[in-house]
Amino acid sequence: MTDRPPSAASATSSPASLQKTLLLWHVIIIGLAYIQPMTLLDTFGMVSRDSLQHVPTSYFVALLAVLLTSLSYGHMIRRYPSSGSAYTYAQKAIHPNVGFMVGWSSLLDYLLSPMVNILLAKIYLTDMFPEVNHWVWIVGLTAIMVVVNLRGIRFVANFNGLIVLFQLLIIAIFTFMVWRELHAGQNALGAIAENGAQGLWSLSPFWSKQADVGALITGATILCFSFTGFDSLSSLAEETHNTEKTLPKAIFLTALISGLIFIVATYFMQLYFPGNPQQYFKAVDETQPEILFLVGGALFKSVVLAFAIVTVMASGIAAHAGVSRLMYVMGRDGVIHKRFFGHIDPKTFTPSYNILLVGAVALTAGFLSLEYVVALISFGALTAFSFVNLSVLAEYVWRQGRWHTMGDVLRYVVTPVLGFMSVGAMWLEVEPTSLTSGLIWGSVGLAYLAIITSGFRNAAPQYREDIE
């Protein structure tokens with residue numbers, strides 16, 4: 001059932017627009033579906049390698065940066081409740097040209113997120129049905145994402161609700177199975193775990209003699225990918241009831257809930273897989289099938305992988321919804337083709353052209369590796385996080401002068417500065433692949449911006465009706 005407008009009269013008297021149909025629980029469900037908590041099984045190998053076997057600490061570092069940044073998102077949503085997310089915030093608070101570049105960089109994050117889920121589903125299905133050509137899965141799964149999103153955002157939320165519930169249940173069962181093995185003194189190699197049951201409460205997954213701060217931050221930069229769903233919720237601003245109260249709360253809770261799940265589950269996983277991940281896994285960027293087999297055996301792996309295909313589809317559908325709305329706002333502003341990207345279907349009230357375009361981009365998943373796409377997403381996510389924190393300083397301190405009371409200093413100076421610094425620490429450790437590819441993407445955007453602004457003599461176009 002598609003979302004309906006408030007009244008027939010409003011639909012006929014003006015062009016179609018996004019409709020406010022989402023409540024707090026809808027938004028959190030979409031966020032958790034986007035984040036897809038089970039992704040911790042997919043990233044565990046590469047993060048364990050890069051963090052020198054301290055995955056939960058890298059999650060903690062990433063969560064700290066995300067929670068601080070989520071507060072900045074909340075401040076900016078209250079000021080500019082637009083579906084443009086970081087693009088709109090930088091555009092309004094700093095400069096339209098800066099906003100365009102932030103939006104352009106965010107597209108790298110948002111546009112590739114649905115593709116990640118296609119890649120994950122392809123990995124699972126290929127493991128289960130190795131004789132089937134992978135393009136069958138890529139085309140079929142992309143078609144499902146497109147069709148569900150064309151039905152409307154409320155349908156997306158309802159579709160994802162039950163999937164998220166079962167996903168959390170599977171993580172709980174999986175974590176219990178790992179705990180049971182550890183309690184019996186067994187690790188992934190079948191050897192006796194250090195200190196037996198007492199080793200369950202070791203601090204080694206968080207810190208050990210081989211721990212290195214740079215390595216922990218490197219792991220955290222990869223894990224920014226795991227949290228990208230929390231910021232995408234800001235793109236639902238024009239479809240959420242009581243936006244200024246609901247979205248800030250939903251963004252913070254989504255980040256906190258997912259972060260706690262990641263830290264608890266990977267704590268036990270790190271105890272179970274205590275050494276170099278290459279001794280357990282054939283490919284560190286495709287670890288979920290092997291982890292499930294080592295923990296629960298062939299039957300458990302088959303059952304969970306079958307469900308995991310559904311979970312990555314839920315995440316892909318939510319990611320698909322987010323990027324199509326960012327593109328809609330950029331199109332509505334006129335910085336990209338307005339008639340195409342700014343189009344809203346008058347029957348379903350969805351940016352249908354964008355949904356179809358994102359589906360076409362997702363089809364390129366057949367040519368790329370998961371680790372490469374994750375690296376590109378991290379560049380876009382870090383860019384958005386950085387400029388949302390800077391936008392708070394620009395809007396509330398520079399433009400409004402709100403720094404004279406202790407409360408204002410804490411809200412509009414200390415929090416965004418700490419958020420920016422924590423994200424900045426991850427920038428220092430970003431992977432070369434991510435940085436190089438991101439800078440190439442940014443250079444293309446800068447060249448395009450030079451064209452539409454007549455060599456930067458004009459500001460990039462903005463939507464005429466500023467949201468107050």
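Colleague: Which residue just after α17 takes a positive phi?

Modeller: Ser454 does, at about 55°. Keep in mind that this is a predicted model: local features need pLDDT of at least 70, side-chain atom pairs count only at pLDDT 80 or more, and totals for chains, interfaces and linings use all residues. Residues are numbered from 1 along each chain as its sequence is written, and side-chain values use heavy atoms, with hydrogens and water left out.

Colleague: What makes α17 a helix, and what span is expected of α17?

Modeller: Helices are DSSP runs of H or I with at least four residues, numbered from the N terminus. Helix α17 runs over residues 432–452 and has 21 residues. The expected span is 1.5 Å times one less than the number of residues. That gives 30 Å for α17, and its first and last C-alpha are 30 Å apart.

Colleague: Which residues of α17 are called buried, and which exposed?

Modeller: Buried means under 20% relative accessible area, exposed over 50%, and partly exposed in between (1.4 Å probe, protein chains only). Ser434, Ser437, Gly438, Gly442, Gly445 and Leu449 are buried. They cover an arc of only 135° around the axis, so they sit on the same side of α17. The arc is taken from the directions from the helix axis to the C-beta atoms. On the other side, Pro432, Ile440 and Ile451 are exposed.

Colleague: What covers the buried residues of α17?

Modeller: The cover includes α6 (96–128) and α15 (370–399). Contact here means heavy atoms within 4.5 Å.

Colleague: Why is the Phe273 and Tyr280 pair called edge-to-face?

Modeller: Rings of Phe, Tyr and Trp (its six-membered ring) pair if their centres lie within 6.5 Å; planes under 30 degrees apart count as stacked, over 60 as edge-to-face, and the rest as tilted. Phe273 and Tyr280 are 5.1 Å centre to centre, with 75° between the planes, so the pair is edge-to-face. Both Phe273 and Tyr280 are buried.

Colleague: Which residues does Ile291 touch?

Modeller: Leaving out residues up to four places away in sequence, Ile291 touches Leu41, Phe44, Phe174, Met269, Phe273 and Phe281.

Methods: Helix = DSSP H or I, 4+ residues; strand = E, 2+ residues; numbered from the N terminus.
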